[in-house]
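Here is a short note to read beside the model. Keep the structure open and follow the points in order.

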Amino acid sequence: TRRGAYQRLRATLTARPGDANIARTAVTLPGSSFLAQENIRTLCTRVQFAAGACPEGSIYGTATAWTPLLKEPLVGNVYLRSSDNKLPDMVAALKGQFDVELVGRIDSVKLGKRGGTGIRSTFDVVPDAPVSKFVLNMFGGKRSLIVNSENLCRTKRKRAVVRMSAQNGRTLNVKPKVKTSCRKGRKASRKGNKRRGGKGSARGKRR
């Protein structure tokens, strides 16, 4: 969470009963998240991807999709694949009873007059099928595609921008909060110790 560190990212989508199938999704991260271009070292070419022979270094995460149509979820790796765009595409290769490729186009977008720019991933084509839950896990560290421009634990909680279109033509625009793994402050720790009936252990005091 510190400035200059490479964060991991977990995004979860949970459908509500009666929701229409998704047709398109675009997610923009907060301006504090920069694209870590220095970590983009290995790409999977389109020929390699078609042959199922992507190098291990082109894997930057994993994805899982649950659908009421199948007993088991679709699971697969998330690759960076060569693209006609300025930046490579982020492709989730889901495998199971049948295979699905979710292609995400990566670019940047303005966040407003004072918001700077944010990294955006756009999935222009989503299969017309019911999805009850979808989880995307992107790696941290040397495989991370995101670098922090500030200490996330010393600033207000950030929000992402999610724009979705359904197969029935309706749209949904939301700004969900981006949670962090920041620890609670000293006051929260002391309150916890008091509830346990003590003034705080030596370990608590060192914090």
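Which residues of the largest nonpolar core touch the most other members? The points below start there.

1. **Ground rules.** This is a predicted model, where local features need pLDDT of at least 70, side-chain atom pairs count only at pLDDT 80 or more, and totals for chains, interfaces and linings use all residues. Residues are numbered from 1 along each chain as its sequence is written, and side-chain values use heavy atoms, with hydrogens and water left out.

2. **The largest core.** It has 23 residues, and Ala63, Val78, Met90, Leu94, Leu102, Phe134 and Met138 touch the most other members. A nonpolar core is a set of buried Ala, Val, Leu, Ile, Met, Phe, Trp, Tyr and Cys residues joined through side-chain atoms within 4.5 Å. Buried means under 20% relative accessible area, exposed over 50%, and partly exposed in between (1.4 Å probe, protein chains only). Elements giving two or more residues to this core include β4 (59–66), β5 (74–81) and β6 (89–94). Helices (H or I, at least four residues) and strands (E, at least two) are DSSP runs, numbered from the N terminus.

3. **A second core.** This one is separate and has 7 residues, including Cys44, Tyr79, Val91 and Ala93.

4. **Met90 up close.** Leave aside its neighbours within four places in sequence. Met90 is then in contact (heavy atoms within 4.5 Å) with several residues, among them Val78, Leu102, Phe123 and Met138.

5. **Strand β8.** It is mostly covered: 5 of its 7 residues are buried. Two strands pair if DSSP finds at least two bridges between them. β8 runs antiparallel to β7, with 6 bridges, and Lys110 has Thr117 in β8 as its bridge partner. β2 (residues 22–28) also pairs with β8 in the antiparallel sense, over 4 bridges. There, Thr25 is partnered by Phe123 of β8.

6. **One aromatic pair.** Rings of Phe, Tyr and Trp (its six-membered ring) pair if their centres lie within 6.5 Å; planes under 30 degrees apart count as stacked, over 60 as edge-to-face and the rest as tilted. The count is 1. Phe49 and Tyr79 have ring centres 6.0 Å apart and planes at 90°, so the pair is edge-to-face. Phe49 lies in helix α1 (residues 46–50) and Tyr79 in strand β5, 30 residues apart. Both are buried.

7. **Leu152.** Where does Leu152 lie? It is in the loop between β10 (146–148) and β11. Leu152 is buried, at 14% relative accessible area. Its C-alpha atom is 9.7 Å from that of Ser33, 119 residues apart along the chain.
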